[in-house]
Amino acid sequence: MAVEQRIGLTLWVNGKEHLLEASPRWSLADVLRHQIGLTGTHVGCEQGVCGACTVLLDGQPTRSCLMFAIQAQGHEITTVEGVTPTEGLSPLQQSFQSHHALQCGFCTPGILLTAEALLADNPTADEEEIRAALSGNLCRCTGYQFIVDAVLAAREQRRDA
Amino acid sequence: MKPAVFDYVRVNSLDEAIEALARYEGEAKVLAGGQSLVPLMNFRLSRPGVLVDINDLAEMAGVRDLGHALAIGSMTRHQQLVNNDFIRERLPILPRVASYIGHWAIRNRGTLGGSVAHADPAAELPALLTALQATIVMRSPRGERRLLAERFFLGYYSTRLDWDEIITEIEIPFPASSPGFYEVARRAGDFALVGALAERGTSGGFVTWFGLGGRPERMALPAWTAHEEERRQLLRELAGKLDLPSEEEYKRTIAVSVAGRAMADAEGGN
Ligand SMILES: Cc1cc2nc3c(=O)[nH]c(=O)nc-3n(C[C@H](O)[C@H](O)[C@H](O)COP(=O)(O)OP(=O)(O)OC[C@H]3O[C@@H](n4cnc5c(N)ncnc54)[C@H](O)[C@@H]3O)c2cc1C
Ligand code: FES
Ligand code: FES
C-alpha cells in the first residue's frame, strides 16, 4: 500500500508560475481551488460528464477533475480567472450577461472556456458547431438556447472587431 | 469522491514504462488519457497502488503509412484522430467514428490505446477495429505480441492484454470499400446505446454491432440488398444470433434499424 507523499510541483496558471506541494492523487481541479485559490473552476460530477471543471490545457478544453495536478506540469493552464479582465467583463462574458445566459452560474466558467477555445479555433463556428462543442457542458438552470445565442453574438462581435 | 493514495511514476520511454510495470508486479496501472481510469479511481472502483504515466511518450503518438494499412500510435488522442489530415484522407471512416466519442474535452485527452485497453462494449473504436480487422500491437518484457482485434476483445471490459503489457500501436488495414456507420445514443456525446458498422462485400457483407452484449461482434451478412423489407428480414435473422443478456433484449429491434442505416450509409444513402 502506497504511503501518501507530498511532491513539489510547478504549475503555470493564467501566465503565472505557482510552486506548491501536492499529493499525486489530488486532481488539477482541487489543486486549482484549494492550493492556488482559483475557485472559479467548479467541481460537479468528478467523472467527466458535467464539464463544470473544464479548463484550458495548452489552449484546449480539458476536464480538470480527470487529470492529476502532478500531470499538468510543463503545460499552460487557463482558468476562468485567466479569461476575465482585471476590470469589467470580457466580450464573451458581456454577451452572456446581456443574453441572460446564466442563472446560478455553476456551469458558466466551463462554458466560457469551452466557447473561448472554440472561437479561437474556429472563428466562423456555426450554430451546429457551437452546440456540438458545448454538448459536454451541462447547465441545469438556464436552458441552452440563451447560451448558444450569447456565443453566436460574441462570434459576430469578434468578426466585426 | 477522491482517489485512494497511489505512487506516481512518470516515464520517458517505452522501455522505462515496461520496466516500471514489471517492477510493481501487477500493482501498477498505465495512465494514458485518464478519461476512463480516473473516473473509476475517483469513485474508488479502481485503486491501483501505482500509476505509470505514459503521457510524455510522444513517440507513441502519430501515424505511419504501411502501404496496406495505417499504423497508429496508442497515445494518439481521439481529437487527433478526428483532425489529422493524413488520416482523413487515407482512412476517412476513422475520424468520422472518433468524432462520436464523448465530448471535445474528453477527446482532447482520451487515447486510442486507452479505449482499446478499457474495452467498453459500447465504445466506438474497438468496434471499428473489429470491423476493419485491425491488429493490436503490444510490448512486454517478453517482447512484442500482435493480436487481431476480434481475438483481443474478450467481453465486458476484458481483453487478452496481460498486466505487464503495453499497447504500442494499432495497425488498421485499408478497407476495400468504405464501411457505413450509424449509432444511437440518448444524448450527444454519450456512449452508444447501439451502434453498427456495415461493410459491403462482393455478394454479401459484414455487420459489426456494438453496445450489445460484452464486445463488438462482426457477423457475415449472407446477401446485400437495397430492398428495405428484405434488408430488415436479413438483419432480423442476424440479430437473432446475438447472445444478449435479458435486460438488453429490447436492443435487438434497435440493432436491426441501426444496422440498416449503417448499410444505407455504406451505399452513400445517408
Ligand atoms: C464523459 C465521458 C464520455 C465518454 N464517452 C465516450 C464515448 O462516447 N465513446 C467512447 O468510446 N468512449 C467514451 N469515453 C471514454 C474515452 O473514450 C476514454 O478516452 C477511453 O475509454 C480510455 O482512454 P484513455 O486514454 O483515457 O485511457 P485511461 O483512462 O488512461 O486508461 C483506461 C485503461 O486502459 C489502460 N491503458 C491505457 N493506455 C494503455 C496502453 N497504451 N497500454 C496498456 N494499457 C493501457 C489503463 O491502465 C486503464 O486500465 C468517455 C469518457 C467520459 C469521461
Ligand atoms: S466535475 Fe469534471 S466534468 Fe464534472
Ligand atoms: S446557470 Fe446554473 S447550471 Fe448553468
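Colleague: Is B:Arg44 buried, partly exposed or exposed in this predicted model?
Modeller: In this predicted model, B:Arg44 is found in the loop between α2 and β3 of chain B. The class in between runs from the 20% limit for buried to the 50% limit for exposed. Because its relative accessibility is 30%, B:Arg44 counts as partly exposed.

Colleague: What is the phi of B:Arg44 near?
Modeller: Most residues other than glycine have a negative phi. B:Arg44 is a residue other than glycine with a positive value, and its phi is near 55°.

Colleague: Which residues make the nonpolar surface patch of about 280 Å²?
Modeller: B:Leu45, which is found in the loop between α2 (37-42) and β3 (50-53) of chain B, is exposed, with a relative accessible area of 67%. That residue belongs to the patch, whose members are B:Leu40, B:Phe43 and B:Leu45.

Colleague: Where is B:Tyr157, and what is its phi near?
Modeller: B:Tyr157 is partly exposed, with a relative accessible area of 46%, and its place is in the loop between β8 (153-155) and β9 (158-159) of chain B. Its phi is positive although the residue is not glycine, with a value near 50°.

Colleague: How many Å does helix α11 of chain B reach from its first C-alpha to its last?
Modeller: Helix α11 spans residues 251-266, which makes 16 residues, and at 1.5 Å a residue 22 Å is expected. The reach in the model is close to that expectation, at 22 Å.

Colleague: What covers the buried residues of α11(B)?
Modeller: The buried residues of α11(B) include B:Val256, B:Ala259 and B:Met263. Their cover in chain B includes α5 (93-98), β11 (180-184), β12 (194-200), β13 (205-210), β14 (217-221) and α10 (228-240).

Terms used. Residues are numbered from 1 along each chain as its sequence is written. Chains are lettered from A and ligands numbered from 1 in the order in which they are written. This is a predicted model: local features need pLDDT of at least 70, side-chain atom pairs count only at pLDDT 80 or more; totals for chains, interfaces and linings use all residues. Side-chain values use heavy atoms; hydrogens and water are left out. Patches are made of residues with over 30% relative accessible area and no salt bridge: like charges are joined within 9 Å, nonpolar side chains (Val, Leu, Ile, Met, Phe, Trp, Tyr) within 5 Å. Accessible areas come from the Shrake-Rupley method with a 1.4 Å probe; for residues, only the protein chains shown count as cover. A salt bridge is a side-chain nitrogen of Lys or Arg within 4 Å of a carboxyl oxygen of Asp or Glu. Helices (H or I, at least four residues) and strands (E, at least two) are DSSP runs, numbered from the N terminus. Buried means under 20% relative accessible area, exposed over 50%, partly exposed in between (1.4 Å probe, protein chains only). The expected span of a helix is 1.5 Å times one less than its number of residues. Contact means heavy atoms within 4.5 Å.
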